[in-house]
Protein chains: 2
Amino acid sequence: MNIQHPYLLFLGDATDPLAVKTSRGIAQWRPEKCLGENTLPGCEISLGLTNLSIEEAVEKGAKTFVVGLANRGGKISQSWLTTILKALEHGLDVASGLHQRLADIPEIHEKAKALGRQLFDVRHATGDFTVGTGEQRTGNRILTVGSDCSVGKMYTSLALEGELASRGVDVSFCATGQTGILISGSGISIDAVVADFISGVVEDLAPSKAANHWHVIEGQGSLFHPSYAGVSLGLLHGAQPTVLILCHEVGRKHMRGLPHQALPDLAQCIKTNLEAARLTSPDVKFGGISLNSSILDQAAALAYCEDLAVQFGVPCVDPLRHGVGAIIDRLSL
Amino acid sequence: MNIQHPYLLFLGDATDPLAVKTSRGIAQWRPEKCLGENTLPGCEISLGLTNLSIEEAVEKGAKTFVVGLANRGGKISQSWLTTILKALEHGLDVASGLHQRLADIPEIHEKAKALGRQLFDVRHATGDFTVGTGEQRTGNRILTVGSDCSVGKMYTSLALEGELASRGVDVSFCATGQTGILISGSGISIDAVVADFISGVVEDLAPSKAANHWHVIEGQGSLFHPSYAGVSLGLLHGAQPTVLILCHEVGRKHMRGLPHQALPDLAQCIKTNLEAARLTSPDVKFGGISLNSSILDQAAALAYCEDLAVQFGVPCVDPLRHGVGAIIDRLSL
């Protein structure tokens, strides 16, 4: 999967900021890829980009129309169809992060085929995958792991990539979820892969590189989430991480979606992840903790980070508040 | 998936006993389901069942024609096609454990559709799966786990089921691989499920039951196999096991297919499986060790089992040599 940019970000008829979360992530992390936004009548949201018609965007060089919208059920709304078809007619590829596939809507499928445009259903995984082997790879790999789902693994990974790049390090971000894929233009939705291939897909995403190269691999789920731990373990083994970074949200009351399931103890979570990682990466190191501390005020967040840093002997930051420089400072670059 | 029996076992033109391993498993574990075997000219193998033509089998009440063959690449051989089509024409459903789907061969697909027959591609997983929750279930569940792939988890599970049934216990076998599915007539190839649903599929396979019911769940892979550990962990969490049984092959030199990857220490393997299982089954017990001791003579095998039994404080048997009664004796039935 290799999605061409620049993008035109389609916000549809969204009235809820959460509905455009994916597009907002793209605009935040890859502003240079985003030519503008495109809306339907009734849309109450803006990402602060120039509002462009499809014709205007094409004239400015747009390559892909990105349906970075989330809604209940993950369906492609009938009200978006005319606009998606128009994007294809004007020469754009179309990428979508929704559950329903563009390729499963006959009008879209047929038009794309007739015109030679590409459709990217980034939440789905297609391709000739191979089974993982655990064979040792060269280069360096950072993997973000979590105490739970949705604790900031993608955000942290992109912040780590940005900080490494700003220091002139040769770094690549490996996306494993739909928003990450749209941000980076490539990757695989790891939870959509057939179970046999979980680790193999990650081995292919982050292959052997030069000794000074760093892959930053976006983690998924948690070894302690009863719904998704299999995905997390296959991802951990396939990543063969040099360094693990633990992500956690302060104040999370239970595992996401499961009121009966307690969060793991952080010390246990770090220990279990390191032990499992050693199967394919015997020398793996624990590199730091990345917190979402949004429920705390600035002073309390800093104190919380300092406490954890002392307890675990690694840097601890809220990437949104403090950046991730303290974590990068401690890597052997 | 609910495959009707009795079966007619198709051995094709096999000349290698390994090629009919799946059918041999069915004949061994479910002789009452097997009406007979059906061969092509050139077949040099027999399972010791009555050789029946399709017409004869149908007359005796056969319901399903089972392509329980393995070959390089897992393809449906052109030389089998006429016979498979004939089975459909004579009123049989067809089940196959091969990688290539019956449903992907147009002649087979069209004939089955036209005649209203069912095709079972048991290595593939189709259906509306749900995400696991880890919610506590009633009844009892034994799960076989492994130091590696192919160490006797299916054999052990079927032996445990047989022993429980012979003692009058209400027991069900839950198949998670293609041979197990053909043996039991239902189940899911867990490694073919989309990664998000691994644990959820197992929750559905072994749902809440009465307090005196036992599910015996066939394990897959190993938490220590870099290719498949994600499958094994999702299966472990979804199984919510009451009792774990560890399966191991004496003398295995490295993880299956990976000469660079050492076998885990058995104590570590037991500990890691129990710790991971506690996420969804806090009171899980370790119930015994099941060995494939075929490289040892009878006396050495017994001595080996006795040593492990003392070391780990649980029964240790080779199910082929000693049966699994010693393990069942120690369960709280």
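In what order do the five strands of the open sheet of chain A stand, and is their pairing parallel or antiparallel? The order is β2-β1-β3-β4-β5, and the pairing is parallel. The structure is a predicted model, in which local features need pLDDT of at least 70 and side-chain atom pairs count only at pLDDT 80 or more, while totals for chains, interfaces and linings use all residues. Residues are numbered from 1 along each chain as its sequence is written, and chains are lettered from A and ligands numbered from 1 in the order in which they are written.

Strands β2 (34-39) and β5 (119-121) of chain A each pair on one side only. On average, neighbouring strands are turned by 20° against each other, direction ignored. Axes are lines fitted to C-alpha atoms, for helices over the stretch in contact, and angles run from 0 to 180 degrees between N-to-C directions. Further in, β1 (residues 7-12) and β3 (residues 64-67) of chain A run parallel and are joined by three bridges. Here A:Leu8 stands opposite A:Phe65 of β3(A).

Helices pack on this sheet. Helix α3 (residues 78-89) of chain A touches β1, β3 and β4 (93-96) of chain A, and its direction makes about 160° with that of β3(A). Helix α1 (residues 21-29) of chain A lies across β1, β2 and β3 of chain A, at about 150° to β1(A). Buried residues of α1(A) include A:Ile26, A:Ala27 and A:Trp29; a residue is buried if 20 or more other C-beta atoms lie within 10 Å of its own, exposed if 12 or fewer, and partly exposed in between, with C-beta atoms placed from the backbone.

Next come the domains. Chain A is assigned domain 1 (7-121) and domain 2 (140-329), with bounds from an automatic or database domain assignment. Their C-alpha centres lie 29 Å apart. Nine residues of domain 1 of chain A are in contact with five residues of domain 2 of chain A, contact meaning that the C-beta atoms, placed from the backbone, lie within 7 Å. Helix α1(A) gives the largest share of the domain 1 side, four residues.

A:Gln136 is exposed, with 11 other C-beta atoms within 10 Å. The C-alpha atoms of A:Gln136 and A:Ser208 are separated by 8.4 Å, though the two residues are 72 residues apart along the chain.

Finally, the two chains. Chain A can be laid on chain B with an RMSD of 0.0 Å by a turn of 180° and a shift of 0.0 Å along the axis. That is the relation of a two-fold axis. The superposition is by least squares on the C-alpha atoms of residues with pLDDT of at least 70 in both copies. Between the chains, 30 residues of chain A are in contact with 30 residues of chain B. On the chain A side, α7 (198-205) and α8 (229-239) of chain A are the elements that give two or more residues, and α8(A) gives the most, with six residues. The copies meet through the same surface, because 100% of the interface residues of chain A are also interface residues in chain B.

Definitions and conventions:
Two residues are in contact if their C-beta atoms, placed from the backbone, lie within 7 Å. Two strands pair if DSSP finds at least two bridges between them.
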